[in-house]
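Here are my notes for someone opening this entry for the first time. Please read them with the model on screen.

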Amino acid sequence: MTEIKGRTENGLSRRTMVKGAAWSVPVIAVAAATPMAAASTTNASLAWTDSDFGLLSLQLIDGDATLGAQVAITVPSEFTFTNGPGAISDNATVTITVGRPSGINIPVGRARGFGVYSYNGVETPASTRTVTYQTVPVVGTEFGVPETTYSAVQPVSVASDGTLAVPVEFGLAGTSDLISISALASFPVTLTVDFSDGTTLTASSTISVPVGAGVL
């Protein structure tokens, strides 16, 4: 019998066998890695989350003395970042402004206000704080209750879906001319955090000082 080249005993050609073998190789699927959620400050929120209440002893900012309240006052003491998907790691400009209490008119003389004495456990440098009284035109005499600001670049690192609590200690700012304030003084506190990507987060609170506290 004449052998037919290229065929096996069962009559299949070697080419057919090779072709069939190629199709029998299992297919290995390569799944593309899913990228992690991008860090985004737009997923975060900001709020004052704790306060101190009582006969507090307040530091006189830029001074060595403290002054104890004679009536219980309320002062915010902590704010918290609450983050969504994507970690935050940035240097942000943190600004805390304490405004003048509404409804209190002091046309002559000065009373104290409140300013940020320490941020995250570290005493604030004088270069990061301002105290601004109202002034008499031309003469420039200061009067009333001051508005204060604290502004500095601070590191902000918050894990994805995590939180970051930052303690803030308020002290007494400005000068007192021993003026008697016979009204509840409610100081508006505004916190602003500006991130490098242009996102701005804000939170508000108040400092409440009843009549007779003796700190202003």
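**Notes on the fold**

1. Start with the inventory. The protein chain has one helix and twelve strands. This is a predicted model. From the N terminus, the order of elements is α-β-β-β-β-β-β-β-β-β-β-β-β. Helix α1 covers residues 14–24.

2. Next, the overall figures. The protein chain has 216 residues, and 38% of them count as buried. Its accessible surface is about 12,600 Å². Carbon and sulfur atoms account for 55% of that surface. Take the contacts between residues at least 6 apart in sequence: 76% of these join residues at least 24 apart.

3. Look at strand β4, residues 73–82. This strand is mostly covered, with seven of its ten residues buried. Which strands pair with β4? One is β1 (residues 45–54), joined to β4 by nine bridges. Another is β10 (residues 163–173), joined to β4 by five bridges. The β1 and β4 strands run antiparallel, and so do β4 and β10.

4. W48 stands opposite F79 in β4. On the other pairing, E78 stands opposite P167 in β10. As a general point, side chains in a regular strand alternate between the two faces of the sheet.

5. The largest nonpolar core holds 44 residues. Which of them touch the most other members? They are F81, I96, F114, F170 and V209. The elements giving two or more residues to this core are β1, β4, β5 (88–98), β6 (113–119), β9, β10, β11 (185–194) and β12 (200–209). In soluble globular proteins, nonpolar side chains tend to be buried together.

6. V209 is then in contact with I73, F114, A183, L184, A185, F187, V215 and L216. F114, among these contacts, is also on the list of core residues that touch the most other members.

7. Turn to Q59, in strand β2 (residues 57–59). Is Q59 buried or exposed? Its relative accessibility is 13%, so Q59 counts as buried, the cut-off being under 20%. Beyond its neighbours within four places in sequence, Q59 is in contact with D64, A65, T66, Y117, G171 and L172. Q59 and E169 are 110 residues apart along the chain, yet their C-alpha atoms are separated by 9.1 Å.

8. N43 sits in the loop between α1 and β1. Its relative accessible area is 33%, so N43 is partly exposed. N43 and G86 are 43 residues apart in sequence; from C-alpha to C-alpha, they are 7.8 Å apart in space.

9. Finally, the surface. V136, V138 and V139 form a nonpolar patch there. Together they have about 320 Å² of accessible area. V138 lies in the loop between β8 (129–135) and β9 (142–158). Why is V138 classed as exposed? Its relative accessible area is 90%, and exposed means over 50%.

Technical notes
Residues are numbered from 1 along each chain as its sequence is written. This is a predicted model: local features need pLDDT of at least 70, side-chain atom pairs count only at pLDDT 80 or more; totals for chains, interfaces and linings use all residues. Side-chain values use heavy atoms; hydrogens and water are left out. Helices (H or I, at least four residues) and strands (E, at least two) are DSSP runs, numbered from the N terminus. Buried means under 20% relative accessible area, exposed over 50%, partly exposed in between (1.4 Å probe, protein chains only). Contact means heavy atoms within 4.5 Å. Accessible areas come from the Shrake-Rupley method with a 1.4 Å probe; for residues, only the protein chains shown count as cover. Two strands pair if DSSP finds at least two bridges between them. Patches are made of residues with over 30% relative accessible area and no salt bridge: like charges are joined within 9 Å, nonpolar side chains (Val, Leu, Ile, Met, Phe, Trp, Tyr) within 5 Å. A salt bridge is a side-chain nitrogen of Lys or Arg within 4 Å of a carboxyl oxygen of Asp or Glu. A nonpolar core is a set of buried Ala, Val, Leu, Ile, Met, Phe, Trp, Tyr and Cys residues joined through side-chain atoms within 4.5 Å.
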